[in-house]
Amino acid sequence: MAELREGLLLGLGNPLLDISATVDEDFLKKYGLKANDAILANERHKPLYDELIEQYKADFIAGGSVQNTMRVAQWFLEKPNITTYMGCVGRDKYSKILEERARTSGINVRYQYTDKEPTGTCAVLITGKERSLCANLAAANCFSLSHIQEAENHKLLQDAKYIYISGFFLTVSPETIQMVAKYAYQENKIFAMNLSAPFLCEFYKKPMRDALPYVDILFGNETEADAFSKANDLGVTDRRDIALKIANLEKINKKRKRLVIITQGAEPVIVAHENTVVEYPAEKVPEENVIDTNGAGDAFVGGFLAELLQGKDTETCVKCGIYAATLIIQRSGCTYEGKPNFSP
């Protein structure tokens, strides 16, 4: 079993305070939103956040995709500071809540602070079992390469053996992704990334394709895989074929083949590696037990990475990811309690 030490996994992403509430279809329509989608807020969405807080029973949860993943990984690892997390926040009460919640989860938080914008927020709109995300990145947009170049932060990059970045970060700092990806290649570190949302595959295709040659492990869900195939003219619609094609796209580090993992809700998880595709059955949670699907993908990656850090094989990593996602959808938001009870 691999040695678990501090700083083994570095995550870079957009720290957001999730404002989560159950709403009706009319609320989604009012703001032009779709169930089970993720978008960035524009002018039209500005009043949405106050409306949620004032008129709905909203919960505040420390969020942002990568921060969720780091929290879940820490939960499995049961040893603080194995993960380090960087992202940009404002100097306000929201960032204090965020940092306090993240540190309580065992993450070594290294936020960059900006005075230009408030801490980012993400509206998590739950309709039935579906969730729609509308993120106002605000301060998260202000992350700059200079943060990771500071001596003490660069040391954390050096210490990490695994690096994980969300596709959402492509909208914020492609230059940071390039710098980190190239460094990971030079030092033979494992670089993992997530497709994160269908709109990224379409509208941020270039920075995504620029990062992909460095990616050792790529995660995505069914809608993201479909969107990637379409945007990149892969010419296939069967998700097993999509996973294989992505696995075989150009890769700079020849020491290992790319691993592509596509989750499909309650359908099997597709894993493509070295020209083979394996499917792992997901666990079907009884409909009445599903509370909300927000954070299921983040939790899957957290469970997967927790096992990977311990030197486990792909099958065990996937099974832990399924265990984590199955647990999270039976709770409100990306939350957990007690100790994990995972056995492969």
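At what angle do helix H10 and helix H11 pack, and how far apart are their axes?

**Entry 1: ground rules.** I am working with a predicted model, where local features need pLDDT of at least 70, side-chain atom pairs count only at pLDDT 80 or more, and totals for chains, interfaces and linings use all residues. Residues are numbered from 1 along each chain as its sequence is written, and side-chain values use heavy atoms, with hydrogens and water left out.

**Entry 2: the helix pair.** I looked up H10 (residues 222-231) and H11 (residues 239-247) and found an angle of about 65 degrees, with the axes 10 Å apart. Helices here are DSSP runs of H or I with at least four residues, strands are runs of E with at least two, and both are numbered from the N terminus. Axes are lines fitted to C-alpha atoms, for helices over the stretch in contact, and angles run from 0 to 180 degrees between N-to-C directions. H10 brings Glu222, Ala225, Asp226, Phe228 and Ser229 to the contact, and H11 brings Arg239, Ile242 and Ile246; contact means heavy atoms within 4.5 Å. I sorted the residues of this contact into four nonpolar, one polar and three charged.

**Entry 3: the sheet.** Next I traced an open sheet of nine strands with mixed pairing, in the order S7-S5-S1-S11-S12-S13-S14-S15-S16. Two strands pair if DSSP finds at least two bridges between them. S7 (108-109) and S16 (276-280) are at the edges with a single partner strand each, so one side of each has no neighbour in the sheet.

**Entry 4: strand S13.** Is S13 mostly covered or mostly open? I found five of its five residues buried, meaning under 20% relative accessible area with a 1.4 Å probe, protein chains only. Ile217, Phe219 and Asn221 lie on one side, Leu218 and Gly220 on the other. S13 runs parallel to S12, joined by three bridges, and methionine 193 has leucine 218 as its bridge partner in S13. S13 also runs parallel to S14, this time with five bridges, and isoleucine 217 stands opposite leucine 259 in S14.

**Entry 5: S14, S15 and the helices on the sheet.** S14 (residues 259-264) and S15 (residues 267-273) run antiparallel, joined by four bridges. I noted isoleucine 262 opposite isoleucine 270 in S15. Helix H12 (residues 296-309) packs on the sheet and touches S1, S11, S12, S13, S14 and S15, its direction making about 155 degrees with that of S13. Helix H13 (residues 314-328) packs on the sheet too, touching S14, S15 and S16, at about 150 degrees to the direction of S15.

Technical notes. Nonpolar A, V, L, I, M, F, W, Y, C, P; charged D, E, K, R; others polar. Buried < 20%, exposed > 50% of the residue type's maximum accessible area, 1.4 Å probe, protein only.
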